[in-house]
Amino acid sequence: MTNHPGQVDFLSTDAAVLLVQRVGLTELLRGLVSALEQDFSRWEDFDKTARLAQHTPDGVMELMPVADASHFAFKYVNGHPKNPQLGIPSIMAFGALMRADTGAPILLSELTLTTALRTAATSVMAAKLLARRSSRTMALIGNGSQSEFQALAFVGLLGIQSLRLFDIDAAATDKLIHNLQTQLPGVQLQRCRSAAEAVQGADIVTTVTADKANATIVSRAMMQPGMHLNAVGGDCPGKTELDAAILLDAKVFVEFAPQSRIEGEIQHMPEDFAVTELWQVLRGEQAGRQHEDDITVFDSVGFALEDYTALRYMHALAQQHQLLQPLALLPQLRNPKNLFELLLPPEVPYHDPAPTHCHAMPFQPDLLRSPSTALSLIGVPTDIGAGRLGAAMGPDALRVAQLGPALVELGCEVRDLGNLAGPSNQRKPRDAEHGDLRNFGEAVAWNQAVHDAVHGELDAGRMPLMLGGDHSLAVGSISAVARHCRDTGKRLFVLWLDAHADFNTPETSPSGNIHGIPVACLSGLGPRELTHLAGFAPALGPQSLCQIGLRSVDAQEKHLIKTHNIDVFDMRAIDELGMRETMLRALAPLADCDPSQTHLHLSFDVDFLDPEIAPGTGTTVRGGPNYREAQLCMEMIADTGLLGSIDIVELNPALDLRNQTAELVVDLVQSLFGKSTLVKNVQG
């Protein structure tokens, strides 16, 4: 969702419910466990503090903040055990996610349901490390609002087959059994008369009580060798569930020790009582369960990092499923230094003669780019660098979709040069002589042909549109553009729209397909035949490239992107910032450029788009930009007035539906040359 300035994304309880229903509870929890593991594994990245709490005789109200270099998050949560008697939940929560660089809120979200989800996911994350792998029976003591989530998480993700249930309130157990019978028809549900009976024979014991009291729910005598105790119940000073003797005989694990020593089961233990923080086990720095007979305890108090993870995870999922609502939370100001303008009548606003606005466009969207009068279409009918056949038909599919006439309608003078000739597309095995790549010689020949054709059109003062073909051909086209820019003294900037980074090297490529290495080649990494097509290497420096839309990136590629300091706005960035803010940041280096001295090259891979609107490509990845986001992207590129050359690649008509992807591409390319939905400048 792309909001106007002043609006933030809002995830309501109803939307969160619908999200769980669409994704499926088990799958959502599985993804949340993975996200938690990733964030806990980068523990040092976070600025952490124990929660801030205000205690009253009836309950507690807490604020839980945490931040890393990119985001700040907080959760407000209460714990009032008597609330159900008033007809409201004992635990209620909401939270927010902000950008760290500006402090601007990104998301305001319910966290009552989400807290139950993240608590269950955290329990599973701990149990994966601490419980015996053979665990099949769990005691669930405390059958209130959190209990279903704990049960479903352990059954769905850890293979628990039998649940032994107890609560001092028999009605709570009735409720739990009723709910679980419909969700877990094959799981044994046993009602127990006491906590001791529930614990008997259990592999895992989960306590999830809410009473604000120093109680002994589980005694040392109940515990047997090998048990894992998951102490999840609502925590605060003076509130415990476990016999202290259990802690003395067990290995105890916590989330954040400073907070756990105040609120957790270990609050009555000496300050030097040994505990291990869970992140240390996740990273292999400390041991978890070492022996089958160990008694392990996860003293969970709920930590702000879990809410940070949950907010980001739910935000991304809700964005994907279009369940977010815009919320007008902040003022929309013409001049951010003039808050009082909100109170002025519309007819007498104050206009700053030179306002600085954090959302100001670096270009003028109401001054539409004058279309080029000299465009050259260069077809390159090969998919020699791809893993699937079909992209070789891409140039002709674009012609069938009337690309040339569509540009002529916008006032462009279009010359179609037809298709280049090159080697056969016959597939060959990996070539050990040339970096274990496939079809190396053929790919070099095609790229040389592309280089020569593109460079010739640039020298003739025309704008080349290279119609691929697979994305390996970008080595030839961008090398030609780099050579032209060096010869003419122009600054080159490349926008790479793609679901993939294409930054593998011959050594790291898992497939050997050359369409996975063009960015590496243009950055000087790879066989000389490709890295030096421009006559020098690298063709692109890190400040000359920005990648947008990435969502399928290999681990080795991530390392190269980081070490080469490439600007990347992946789909997570687009989800969080919106396409407008993403493009503002991506194009910011060009804001003050002289159009006569700057050349913007667009390398547009069709798999940049979401496959729901663009199925005709061989490398689809779910979760890409939708139609309106893609249109905005193209329109904002047009607004720069700097576009000098284009690649259109990876269109595969063999996988398309009645040429709809080709027709969509033509529509988007028209937006690069003046076609716009803009009626009035939204900036006023």
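Predicted model: local features only at pLDDT ≥ 70, side-chain atom pairs only at ≥ 80, totals over all residues.
The chain comprises 684 residues, of which 55% are buried. Its secondary structure amounts to 21 helices and 28 strands. The C-alpha trace extends over about 90 × 75 × 45 Å along its principal axes. An accessible surface of about 27900 Å² was computed for the chain, and carbon and sulfur atoms contribute 53% of that area. When contacts between residues at least 6 apart in sequence are considered, 74% of them link residues at least 24 apart.

An open sheet is formed by eight strands, arranged in the order β20-β19-β23-β28-β27-β24-β25-β26, with parallel pairing. In general, the strands of a sheet pair through backbone hydrogen bonds, in either a parallel or an antiparallel arrangement.

Within this sheet, strand β24 (residues 491-497) is flanked by β27 and β25. The pairing of β24 with β27 (residues 598-605) is parallel and involves seven bridges, whereas that of β24 with β25 (residues 545-548) is parallel over four bridges. Individual bridge partners can be assigned on both sides. F493 is partnered by L600 in β27. W496 has S603 as its bridge partner in β27 and stands opposite Q547 in β25. Six of the seven residues of β24 are buried, and the strand is therefore largely enclosed by the rest of the structure. Helix α14 (residues 474-488) lies across β23 (463-468), β24, β27 and β28 (643-649), and runs at about 175 degrees to β27.

A helix pair is formed by α2 (residues 25-40) and α3 (residues 112-130), which pack at an angle of about 65 degrees with their axes 9 Å apart. The crossing of α2 and α3 is right-handed. The α2 side of the contact consists of L25, L28, L29, L32, V33, L36, E37 and F40, which meet L117, R118, A120, A121, T122, V124, M125 and K128 of α3. Classified by residue type, the contact of α2 with α3 contains 12 nonpolar, one polar and three charged residues.

Most peptide bonds are trans, and most residues other than glycine have a negative phi. Two cis peptide bonds are described here. The bond from G468 to G469 is cis, with omega near 15 degrees, and G469 is located in the loop between β23 and α14. A cis peptide bond also joins A537 and P538, with omega of about -5 degrees; P538 is placed in the loop between α16 (528-531) and β25.

Positive phi values occur at two residues considered here, Q402 and E650. Q402, which is not a glycine, has a phi of about 70 degrees and is found in the loop between α11 (394-400) and α12 (403-408). With a relative accessible area of 41%, Q402 is partly exposed. For E650, phi is near 65 degrees, and the residue is situated in the loop between β28 and α21 (660-671). E650 has a relative accessibility of 4% and therefore counts as buried, the cut-off for that class being under 20%.

Conventions:
Residues numbered from 1 in each chain as written. Heavy atoms only, no water. Buried < 20%, exposed > 50% of the residue type's maximum accessible area, 1.4 Å probe, protein only. Helix = DSSP H or I, 4+ residues; strand = E, 2+ residues; numbered from the N terminus. Pairing = 2+ DSSP bridges. Axes fitted to C-alpha atoms, helices over the stretch in contact; angles between N-to-C directions. Left-handed = near helix turned anticlockwise from the far one by under 90°. Contact = heavy atoms within 4.5 Å. Nonpolar A, V, L, I, M, F, W, Y, C, P; charged D, E, K, R; others polar. Areas by Shrake-Rupley, 256 points an atom, 1.4 Å probe, with all protein chains shown as cover.
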